[in-house]
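Please consult the sequence and the structure shown below.

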Amino acid sequence: MTRPIRFPSNFLWGTATSAYQIEGSPLADGAGHSIWTRFAATPGRIANGDTGDVACDHYRRWRDDVALMRQLGMKAYRFSIAWSRILPQGTGAVNEAGLAFYDRLIDELLANGIEPMVTLYHWDLPAALDDRGGWLNPDIADWFAAYARIVFDRYDDRVRHWVTLNEPWVVTDGGYLHGTLAPGHRNAYEAPIASHNLLRAHGAAVQVYREIGRHQIGLVVNIEPKYPASDAPEDVAATRRADAYMNRQYLDPVFLGSYPAELKEIFGPAWPDWPARDFDLISQKLDFIGINYYTRNVCRHDGANWPLQVAPVRQPQATYTETGWEVFPQGLTDTLVGFKRRYGDMPVYVMENGSAFYDPPQAAHGRVHDPLRMDCLRGNIAALAAAIEQGVDLRGYMVWSLLDNLEWSLGFAKRFGIVHVDFATQRRTPKDSALLYARIVASNGACL
Ligand SMILES: N#[N+]C[C@@H]1[C@@H](O)[C@H](O)[C@@H](O)[C@@H]2O[C@H]12
């Protein structure tokens, strides 16, 4: 790119986290169990027996962590509210101590000039609701809407960007199809039902927001662009199935009012006939879309690979992260431009983007050198600029993640943070990537 990179003057540069991954103290002050406190307590579910019982101890260190964001010059901070801190049983009695914790966090962020961006649901369903069927029970749309109403009432005077759900695809694929995430089900008949109810709940929460909200609300989806390994018809068809299952399964019903036809092909008899009224609920108008981008996938047909019949093709010359993801910044540009082409022009935030690499032990002078993460960051920022140049209405970018944290079933070993966390001492140390990001933010994207 020859011309200097140009970002809008009010571009929201920030970082992202989620409650169960960083807070710790999941049952403190009246909070209830979630499906993740249960999952973590089940032997073998999380690597190395790691749990979110302490995590980054953010529930107690929140003020210092906000000071760290201020020190880095962050403009925004995306975090999630733990439903079971607010409603320990998922419905019914409200836990004032839980509401008060997020009051303090939001007020501290605002006092430090940092815009809070709040996610209502980042995977930690109250366990009591899972006992009532969880995302398989159609009533969950009402349960989620009631929770949303409580949170909107409490914080909408200070929070101007709301997200209903984080990555419904991961909730479904990990939690109900492959069983790798809480609640750990492996059932092709359950997965479409959970996915559909997630989208119904999203729509119900947006309806509530339109009644009482004053600002903006959106959905966050993970998008992984799919590229055929060859122009052979079976590879092209496999790529189309993969894109429909992971990407269009969520964006099409929300923005186009129907599911991609490929899903019936993929799930066969496990794919229900959904009532038309559900799509009126699901396709509530949004103020923005949030996109999480990490990598792309090069696809080939593989008849043995249930249920998609797709296999990934590794790219021999590419760099891969510790989570096995190809570093491919062009995919971020393609994703953002592709969204605009298929769904139209609307405000877009990249709500997560980052990389896990093994970080060497801290150097003697307390620095953490992470050149590979820095290279990823530079490449992805340049990819954002390319998307803006192609007319994408990009409003902000959140690095995943502020802190090294609990990478769900992978435990603490996979470090995505731009700030190193010594989990034995809870000491935070900004990595070289954090110092680079601080320069990028201070120069509004000019300094790469
Ligand atoms: N894996 N990985 C890193 C990151 C995960 O830590 C977030 O919680 C998810 O929203 C999304 O999957 C992305």
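Because its relative accessibility is 8%, Arg241 counts as buried (under 20% relative accessible area, with exposed meaning over 50% and partly exposed in between; 1.4 Å probe, protein chains only). Arg241 lies in helix 10, residues 233-256. Neighbours within four places in sequence left aside, Arg241 is in contact with Glu265, Ile266, His301, Leu308, Gln309 and Val310, where contact means heavy atoms within 4.5 Å.

The model is predicted: local features need pLDDT of at least 70, side-chain atom pairs count only at pLDDT 80 or more, and totals for chains, interfaces and linings use all residues. Residues are numbered from 1 along each chain as its sequence is written, and side-chain values use heavy atoms, with hydrogens and water left out. The protein has a mean pLDDT of 97, and 98% of its residues reach 70 or more; pLDDT is the predictor's confidence in each residue, from 0 to 100. The scores of the model are ipTM 0.99 and pTM 0.98.

Helices (H or I, at least four residues) and strands (E, at least two) are DSSP runs, numbered from the N terminus, and two strands pair if DSSP finds at least two bridges between them.

Strand 6 pairs with strand 8 (residues 297-301) in the parallel sense over three bridges. Tyr227 stands opposite Val298 in strand 8.
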